Amino acid sequence: MLSITHGNTPVTEQNCAFPGEYLTGSTNPQEVLQSVFGHTEFRTGQWNAISKILNGEDVIVVIPTGGGKTVVYALPCIMKPGLAVVISPLMMLMCDQVARLRGYGINTCYYNTLLSDCERQNILRNLKQPNCQYQFVFVSPEAVITDSFQSCLDTLSREKRLNMFVVDEAHCVDTWGKDFRPAYQQLGILRKYGLPFVALTGMATKQTMQTISVVLQMANPEVLRLPCRRNNLCFTLVSKQETKAKDQVARIVCSDFDGLCGIVYCARQADTIEMAFELKEKGVLVTYYHAGMEGGERIRNASSWLE
């Protein structure tokens with residue numbers, strides 16, 4: 001099935017803890033890598049980043065999509081006692097990461113507007129319970145600075161049950177933080193909890209890394225760049241027709257990718273619907289997804305693509 005999207009590819013998952021907290025009981029990262037994540041060895045650059053995080057240092061990690069980001073931040077977090085707060089810019093990106101971690105048997109939740117007010121209050125109450133089973137909570141930059149979430153963090157901090165803050169897609173601190181998402185500029189207030197910060201991004205210029213460092217109040221962060229070459233990817237450029245460009249895309253999909261699963265990215269939300277219709281007319285099983293859709297419809301369309 002194809003997904004026509006104007007945003008990130010989502011994954012859905014139940015937002016509740018399951019019985020039993022995932023405690024590795026191991027102080028050996030190599031053992032945790034194999035027992036939890038099923039890998040026998042670290043990818044290039046992963047251990048360097050993980051060792052810095054385990055040492056409690058502020059770290060900026062530039063790692064490409066598919067480069068093993070989940071292992072980089074999750075492995076040291078589950079080896080440390082307490083809850084990790086992951087700040088993520090998009091609801092569906094949170095759902096994707098929550099599903100990924102839960103797939104490894106790690107108790108994880110998200111706190112966002114996909115939840116009702118009652119559900120959000122339940123999440124905060126659960127997080128403050130002494131026997132809380134969550135090891136990660138995913139939250140937007142807007143939500144993490146609200147009074148209600150700050151109150152929850154205050155409680156956890158007093159009880160020494162926080163272990164670190166992870167800022168995912170950290171380049172947004174620079175590219176979105178001035179106008180579009182001003183909450184990014186306020187994340188420095190989280191420094192009052194005295195915890196290390198891990199900033200993760202797939203792309204960052206020197207200026208962007210400097211902005212990340214300043215906004216997150218990182219005094220002397222370790223900057224690590226993991227290899228960005230991905231041998232499983234190839235790029236092909238095709239000249240766009242002046243007219244009937246969507247028909248051209250549909251013909252390429254049908255001829256070159258018949259029966260395969262994929263994503264067609266569009267410039268505008270309206271284009272996702274039109275492109276999906278074009279492909280459906282040619283017999284392709286397809287759905288569309290964009291940020292302007294009602295939350296329930298987004299979840300349904302995302303789930304149908306994943307299935």
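At 25% relative accessibility, tyrosine 104 counts as partly exposed, a class that lies between buried (under 20% relative accessible area) and exposed (over 50%), with a 1.4 Å probe and protein chains only. This is a predicted model in which local features need pLDDT of at least 70 and side-chain atom pairs count only at pLDDT 80 or more, while totals for chains, interfaces and linings use all residues. Residues are numbered from 1 along each chain as its sequence is written, and side-chain values use heavy atoms, with hydrogens and water left out.

**Aromatic pairs**

- The structure holds 6 aromatic pairs, where rings of Phe, Tyr and Trp (its six-membered ring) pair if their centres lie within 6.5 Å, and planes under 30 degrees apart count as stacked, over 60 as edge-to-face and the rest as tilted.
- Phenylalanine 37 and tyrosine 104 form an edge-to-face pair, at 4.8 Å centre to centre and 70 degrees between the planes.
- Phenylalanine 37 lies in helix α1 (residues 29–37) and tyrosine 104 in the loop between α4 and β4 (108–111), so this pair ties together parts that are 67 residues apart in sequence; helices (H or I, at least four residues) and strands (E, at least two) are DSSP runs numbered from the N terminus.
- Phenylalanine 37 is buried, with a relative accessible area of 5%.

**Helix α3 and its contact**

- Lys69, Thr70, Tyr73 and Ala74 in α3 meet Gln97, Arg100 and Leu101 in α4, contact meaning heavy atoms within 4.5 Å.
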